[in-house]
Amino acid sequence: MKAEADLIFMKRALRLAGRGTGLTHPNPMVGAVVVRDGKIIGEGWHGGPGRPHAEVEALREAGPGAKGATMFVTLEPCDHYGRTPPCTEAILKAGIARVVVACKDPNPIVNGRGIRRLETGGVDVAAGTGRSEAEELNRAFFHYIRRKEPYVTLKVASTLDGRIADASGRSRWITGDQARREVHRLRFQADAVLVGSGTVLSDDPMLTVRGLGKPSNPLRIVLDPELITPVEARIVHSASEGKTVLVTGPGTDERKRTVLEDKGVRLLTLPLREGKFSWHDLGPALLELRVLHLLVEGGSATSTWFLAQSVVRRIEFFLAMKFLGADGLPSIGHLGGRSLEESPEFKLLRCRTVGRDVRITADAV
């Protein structure tokens with residue numbers, strides 16, 4: 001019974017943590033609840049850098065009732081000074097008797113220190129309740145901490161036969177309204193959304209978040225080795241609405257570079273190898289831009305490049321119940337003649353209908 005009750009309260013903390021989606025970067029999302037006699041008396045979530053942590057918000061709401069109570073928190077409390085004091089200090093000062101932690105914080109400056117500090121202070125600590133859900137919530141943050149590279153989500157929208165555009169190059173709209181709304185939610189969850197210059201030429205996208213109130217827009221990135229993005233493109237003229245970065249190669253037109261920069265576009269020059277970028281260069285450059293979670297929206301050449309680099313951690317595949325046949329543009333191009341054994345492999349996480357389409361979520365094996 002105790003384990004079941006713990007899970008119920010942890011699920012509430014996880015829902016609270018989710019309110020920080022798109023707001024906490026570069027910090028993880030955290031939720032916390034304080035429980036006394038089976039009832040929640042305080043709850044909180046982290047709203048962004050510099051704002052109080054979830055534990056502090058929950059303790060503030062609980063007030064004196066926190067003494068002797070139990071706290072449920074989705075991530076190990078911090079035990080160091082940053083923009084705010086340590087959460088362990090606030091928990092001990094409030095007299096919390098028991099803390100249930102969903103998962104440890106892999107950040108080297110935390111990584112068990114918070115739990116040890118609480119235990120040393122006489123608090124009963126239990127870890128692991130809701131761990132998989134908590135790790136899923138902060139998967140991009142955890143991946144960055146462990147691998148020191150951005151977490152890459154690849155989004156593809158295609159017909160049943162894997163085509164992303166018809167013979168004339170038109171791709172609007174393969175999927176329906178509901179699927180497109182979910183793509184906007186994916187953008188909201190990411191730090192940056194990336195396409196290739198071919199997509200800019202064919203679709204002239206905005207790559208902003210729409211239909212979700214007034215959330216902040218992710219950084220917009222275009223892989224453009226030859227700097228062919230038109231200065232008339234919407235992504236250029238709307239640079240003030242959402243920061244725009246063009247990743248280009250050396251030796252491109254200086255006059256055009258000046259025009260783009262005058263319009264507010266940031267140019268990032270990286271070396272080219274046989275006309276292509278390397279993840280070895282792009283990954284660190286993205287981290288310099290504070291991109292921990294990258295959403296790649298294609299098109300075909302860009303999706304293929306990321307798969308070939310073996311850096312895609314998650315695929316969000318939207319399938320329309322249509323066929324375009326061999327004349328349509330394939331969603332994935334040439335992967336270097338790989339055998340079945342060498343091909344990128346993913347494990348299915350979820351499959352559900354979205355309006356008239358199907359959404360498939362899968363993680364790299």
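Biologist: Why is Ser 300 called buried?

Modeller: The relative accessible area of Ser 300 is 12%. Buried means under 20% relative accessible area, exposed over 50% and partly exposed in between (1.4 Å probe, protein chains only), so Ser 300 at 12% counts as buried. This is a predicted model, in which local features need pLDDT of at least 70 and side-chain atom pairs count only at pLDDT 80 or more, whereas totals for chains, interfaces and linings use all residues. Residues are numbered from 1 along each chain as its sequence is written, and side-chain values use heavy atoms, with hydrogens and water left out.

Biologist: Where is Ser 300 found, and with which residues is Ser 300 in contact?

Modeller: Ser 300 belongs to helix H12, residues 300-308; helices (H or I, at least four residues) and strands (E, at least two) are DSSP runs numbered from the N terminus. Contact means heavy atoms within 4.5 Å. Leaving aside neighbours within four places in sequence, Ser 300 touches Ile 164, Leu 329, Pro 330, Ser 331, Ile 332 and Gly 333. Ile 164 lies 136 residues away from Ser 300 in sequence, with 7.8 Å between their C-alpha atoms.

Biologist: What marks out the phi of Leu 207 and that of Leu 227?

Modeller: Most residues other than glycine have a negative phi, and most peptide bonds are trans. Leu 207 has a positive phi near 60 degrees, and Leu 227 has one of about 55 degrees. Leu 207 sits in the loop between helix H8 (197-203) and E9, while Leu 227 sits in the loop between E9 and helix H9 (234-237). Leu 207 is buried because its relative accessible area is 2%, and Leu 227 is buried because its value is 5%. A cis peptide bond, with omega about 5 degrees, joins His 25 and Pro 26; Pro 26 is in the loop between H1 and E1.

Biologist: Why is the meeting of Arg 234 and Asp 204 called a salt bridge?

Modeller: A salt bridge is a side-chain nitrogen of Lys or Arg within 4 Å of a carboxyl oxygen of Asp or Glu. Arg 234 and Asp 204 meet at 4.0 Å, N to O. The pair connects distant parts of the chain, with Arg 234 in H9 and Asp 204 in the loop between H8 and E9, 30 residues apart. Arg 234 is partly exposed because its relative accessible area is 37%, and Asp 204 is partly exposed at 27%.

Biologist: How do you know whether Arg 359 and Glu 316, which form another salt bridge, are buried or exposed?

Modeller: The closest N and O atoms of Arg 359 and Glu 316 are 3.0 Å apart. Arg 359 is in strand E16 (residues 357-364) and Glu 316 is in strand E13 (residues 312-320), 43 residues apart. Arg 359, at 12% relative accessibility, therefore counts as buried, and so does Glu 316 at 2%.

Biologist: How many salt bridges does a search of the whole structure find?

Modeller: The search finds 18. Glu 136, Arg 139, Arg 314 and Asp 363 are linked in a network of such bridges.
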